[in-house]
Amino acid sequence: MSNSTTTGSHAGSPGHTGPLPAHVDVLVVGAGFAGLATAIGLDEDGRDFLVVDKGDSVGGTWRDNTYPGAACDVPSQLYSFSFAPNNWSRSFSAQPEIKAYLDGVAERSGVLDRFRFATTVDHAEWDASVARWKVRTSAGELTADVLVSGAGGLSEPKLPDIEGIDAFGGEIFHSARWNHDVDLAGKRIAVIGTGASAIQIVPELQKVAGHLDVYQRTAPWVMPRHDRTYPAFERLALRTVPGLQKLYRTAIYWGRETYVPAFTVAPDIAKPAELLAKANIRKAIDDPELRRKVTPDFKFGCKRVLISNAYYPALAADNTELVTDRIARITPTGVVTADGTEREIDVLVVATGFHTTDQPIAHHIVGREGRTLADTWAESGMQAYRGTTIAGFPNLFQVVGPNTGLGHSSMVFIIESQVAYIRDALRVMAHNSYAAIEPRPDAQAEWNHSLHKRMGRTVWSTGGCASWYLDEHGRNTTLWPRSTFNFRLGLSRFDTRAYRVTGPVPEPTTPSGPTPGTPTEREVVPA
Ligand code: NAP
């Protein structure tokens, strides 16, 4: 399996190559939308911080996913920072434009000298005696008062556990690790998966492949994609007319919020959308058998709703076969399905998603009680307070943490809400000289109880599908079951009352004073 990270251009985000400092006030892990927004916010507040990222530039998932056809299915006017408007070329931007946008924002914001690329966090452990995180990275060790993880839920490719896959003799790569060196023209290609990535890849491969096999386990709902290039006059107006871009953004935002009831309380509202999606099938596919195969058998919205005008036509093309028989094994030369048929191929593209509910970073973070985040979550599933802070893990903030994902709108809105909360938390900590904060277990439990009570009514729970939203216990630990403005409202101020706070670390000066380096543990009842 090719494991090389194929990244986009790193022009515009060179980062810094010097040695790591011994200490920073805030260490941020990840340089995608989340890490970059955090860095810019911390910089505005004049904080001492460092961002580390395993890749060679900013962009996160928009750096790593360079597969043909990669584009965003949320309109760019909304899928961008509120504080950094851009003159987008089209409504749903492709990966190169989004990557260039992030490079540009990083460069213009002047924070890149505090980014260290090609640096992975191997271990981060809370040291209560000094109220700091001790962090080991591939580039050396450092300490940090506060750790912010912006490592993302869609960063670690999930490979299918299929017999024989390791012995495949042709070219094989994951959608998020595309091997651009492989010439695909005229080749026999197979794609495993029919999720958001696959439905963008398949039309591009169909154009160049000699033959294309698409292995589908579950048929997704696919709606028409209302994408368009902005004509020159519209781009000019968006650039020059005061408030126009903001108006577009606001209209898209509220338009998207109208989807929330269909996902969260009354899935039957989405019946007309199902009819539209079925019309999308009929428009592109004549063969009744193929129509039957691509028609989903679960409620609209239960899995992520996809948008494409090119996917169904590509499946209907002469050089494509949609295979719905279960994959039994992979041989050095092809894919064998349960009925015993072997289809020979030259290239295998694995578009099987990411480790979302078992995030790799959780294995590397050790909290107050000496347990990793992964162990802490092993039985309960991923849990946090307001999707951002975690009991037992002082001074740890997770951007895009548990139950912050969306099925309908822009994650950038969620990210900005969380960054505002983190900035407020740091202000409160500095103002009160708190050495450490962490959510009280009862506050976290109450938050999760009410969240999961709501979750029970959502289409993700009742829609009759399995999805990456659910963990191994069947709990939805990834999505936010309410409107995004409700999420933002809840994070608009750091709510100290929900936290256990630890007083300042005493100065290690007087021999008769408190033991140097021992924080005064106290429950502070905020005014
Ligand atoms: P995904 O949605 O998890 O889809 C994975 C696909 O692989 C599914 O069709 C799944 O089938 C199939 N699969 C997994 N294991 C398999 C196995 N062992 N055998 C056969 N099939 C298998 O992953 P993704 O498409 O990479 O998308 C992940 C998320 O990334 C999206 O939901 C979205 O949030 C984001 N994304 C967004 C965009 C965009 O904005 N345009 C583009 C790409 C990705 P089942 O359905 O049966 O599980």
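Two strands pair if DSSP finds at least two bridges between them. Helices (H or I, at least four residues) and strands (E, at least two) are DSSP runs, numbered from the N terminus. This is a predicted model, in which local features need pLDDT of at least 70 and side-chain atom pairs count only at pLDDT 80 or more, while totals for chains, interfaces and linings use all residues. Residues are numbered from 1 along each chain as its sequence is written, and side-chain values use heavy atoms, with hydrogens and water left out.

**Strands**

Ile330 stands opposite Val335 in E14. Strand E14 (residues 334-337) is joined to E13 by three bridges in the antiparallel sense. Both strands belong to an open sheet of three strands with the order E13-E14-E15 and antiparallel pairing. Its edge strands, E13 (327-330) and E15 (342-344), each pair on one side only. From one strand to the next the twist averages 25 degrees.

Strand E6 (residues 140-149) has seven of its ten residues buried (under 20% relative accessible area; exposed is over 50% and partly exposed in between, with a 1.4 Å probe and protein chains only).

| Partner of E6 | Sense | Bridges | Opposite residues |
|---|---|---|---|
| Strand E1 (residues 23-29) | parallel | six | Val26 and Val146 |
| Strand E5 (residues 132-137) | antiparallel | five | Arg136 and Glu141 |
| Strand E19 (393-398) | parallel | three | Val148 and Phe397 |

E5 and E6 form a hairpin, with two residues between them.

**Helix packing**

Two packed helices are described by the angle between their axes and the distance between the axes. Axes here are lines fitted to C-alpha atoms, for helices over the stretch in contact, and angles run from 0 to 180 degrees between N-to-C directions. Helix H1 (residues 33-44) packs against helix H3 (residues 95-109) at an angle of about 20 degrees, with the axes 11 Å apart. H1 and H3 are therefore roughly parallel to each other (angles under 35 degrees; over 145 is roughly antiparallel, 65 to 115 roughly perpendicular and the rest oblique). The crossing of H1 and H3 is left-handed, that is, the near helix is turned anticlockwise from the far one by less than a right angle.

**Rings**

The whole structure holds 24 aromatic pairs. Rings of Phe, Tyr and Trp (its six-membered ring) pair if their centres lie within 6.5 Å; planes under 30 degrees apart count as stacked, over 60 as edge-to-face and the rest as tilted. Trp447 and Trp480 are stacked, at 5.7 Å centre to centre and 15 degrees between the planes. Trp447 lies in helix H13 (residues 441-455), and Trp480, 33 residues apart from it, lies in the loop between helix H14 (459-462) and helix H15 (484-490). Both Trp447 and Trp480 are buried.

The ring centres of Trp468 and Tyr469 are 4.8 Å apart and the planes stand at 70 degrees, so this pair is edge-to-face. Trp468 is partly exposed at 41% relative accessibility, whereas Tyr469 is buried at 2%.

Ring pairs also link Phe33, Trp62, Tyr79, Phe81, Phe83, Trp88 and Tyr101 into a cluster. The charged end of Arg488 sits over the ring of Phe413, 3.8 Å from its centre (the criterion is NZ of Lys or CZ of Arg within 6 Å of the ring centre and within 35 degrees of the ring normal).

**Backbone**

Val400, not a glycine, has a positive phi of about 60 degrees. Val400 is in the loop between E19 and helix H12 (411-432). Ser433 has a positive phi near 55 degrees and lies in the loop between H12 and strand E20 (436-439). At 39% relative accessibility, Ser433 counts as partly exposed.
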